[in-house]
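Please consult the sequence and structure shown here alongside the text.

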Amino acid sequence: MACYNLPPIQRGSPSGFPMRIREIPYNYTSFSDREIVIRFLGEEMWDVLNRLRGTRRTGRSARMLFEVLGDMWVIVRNPYIQDDLLENRDRRELLIGALHHRLAQIEARADNNPLTLQLVVRARAAVAQFEAGFPRQEQQRKLEEEREEQRQLELEKQRERDRDLGWEL
């Protein structure tokens, strides 16, 4: 039985199904670009991005925005990188500075396009929220350390009471 109306197989796709192209770097998760954009910028910004796709000239601003989102995404998803950035304030400040620099470059290239400027405003808010998460995380860790120290002190007191009563294990 011959099938003559099948679409041609796309290059790079062994199954013939369209390849899933990701524009956000470092996204080795099951999350799509759409899901990541929505998590950081909101669903309405995904719609704005789609409207802007047809007006791209070089795509440089889009790549820079996706780099910002990719940097934040990989850090949010990786506790080892979070630990490193919490322990190394200079590295963290360089990262945040790079994120802000990219957003400034996007704004400079926007030619007063209201949709692009709307995206930049939302992306700046996302970066600010991302940045504010580090001091919150530091504070949370300090509280957890204090609680653990308190638990250890209570445990040691209980052991002393047990020894005094001859209940030592």
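The points below proceed from the overall fold to individual residues.

The model is predicted, so local features need pLDDT of at least 70 and side-chain atom pairs count only at pLDDT 80 or more, whereas totals for chains, interfaces and linings use all residues. Residues are numbered from 1 along each chain as its sequence is written, and side-chain values use heavy atoms, with hydrogens and water left out.

**Overall fold**

- The protein chain contains 6 helices and 0 strands; helices (H or I, at least four residues) and strands (E, at least two) are DSSP runs, numbered from the N terminus.
- Along the sequence, the pattern is α-α-α-α-α-α.
- Of the 169 residues in the protein chain, 28% are buried, where buried means under 20% relative accessible area, exposed over 50%, and partly exposed in between (1.4 Å probe, protein chains only).
- Taking contacts between residues at least 6 apart in sequence, 59% join residues at least 24 apart; a contact means heavy atoms within 4.5 Å.

**Nonpolar core**

- In soluble globular proteins, nonpolar side chains tend to be buried together.
- A nonpolar core is here a set of buried Ala, Val, Leu, Ile, Met, Phe, Trp, Tyr and Cys residues joined through side-chain atoms within 4.5 Å.
- The largest nonpolar core has 34 residues, of which Leu 41, Leu 69 and Met 72 touch the most other members.
- At least two core residues come from each of helix H1 (33-41), helix H2 (43-53), helix H3 (60-77), helix H4 (79-87), helix H5 (89-109) and helix H6 (114-164).
- The greatest contribution to this core is that of H3, with 9 residues.
- When residues up to four places away in sequence are not counted, Leu 69 touches Ile 24, Val 37, Phe 40 and Leu 41.

**Helix H6**

- H6 comprises 51 residues and reaches 75 Å from its first C-alpha to its last, close to the expected 75 Å at 1.5 Å a residue; the expected span is 1.5 Å times one less than the number of residues.
- The buried residues of H6 are Thr 116, Leu 119, Val 120, Ala 123, Ala 126, Val 127, Phe 130, Gly 133 and Phe 134.
- These buried residues pack against H1, H2, H3, H4 and H5.
- At the start of H6, a side-chain oxygen of Asn 113 comes to within 2.8 Å of the backbone nitrogen of Leu 115.

- The axes of H5 and H6 lie 9 Å apart, at an angle of about 170°; axes are lines fitted to C-alpha atoms, for helices over the stretch in contact, and angles run from 0 to 180 degrees between N-to-C directions.
- H5 and H6 are therefore roughly antiparallel, on a scale where angles under 35 degrees count as roughly parallel, over 145 as roughly antiparallel, 65 to 115 as roughly perpendicular and the rest as oblique.
- Residues making this contact include Leu 95, Leu 99 and Leu 103 of H5 and Val 120, Val 127 and Phe 134 of H6.
- The axes of H4 and H6 come within 11 Å and cross at roughly 90°, which makes H4 roughly perpendicular to H6.
- Gln 82, Asp 83, Leu 85 and Leu 86 in H4 meet Phe 134, Gln 137, Glu 138 and Arg 141 in H6.

- Gln 82 lies in helix H4 and is buried, with a relative accessible area of 14%.
- Apart from its neighbours within four places in sequence, Gln 82 is in contact with Ile 75, Val 76, Arg 77 and Gln 137.
- Thr 116, in helix H6, is buried at a relative accessible area of 14%.
- Leaving aside neighbours within four places in sequence, Thr 116 contacts Leu 52, Ile 106 and Ala 110.
- The C-alpha atoms of Thr 116 and Ser 61 are separated by 9.1 Å, although these residues are 55 residues apart along the chain.
- Glu 44, found in helix H2, is partly exposed, with a relative accessible area of 40%.

**Loop between H5 and H6**

- Asp 111 is placed in the loop between H5 and H6 and has a positive phi near 50°, though it is not glycine.
- Asp 111 is exposed, with a relative accessible area of 55%.
- Asn 112 is also in the loop between H5 and H6, and this non-glycine residue has a positive phi of about 60°.
- Asn 112 is exposed, with a relative accessible area of 68%.

Methods: A polar contact is a pair of N or O atoms within 3.5 Å; within protein, one must be able to donate a hydrogen and the other to accept it, and residues adjacent in sequence count only if both atoms are side-chain atoms.
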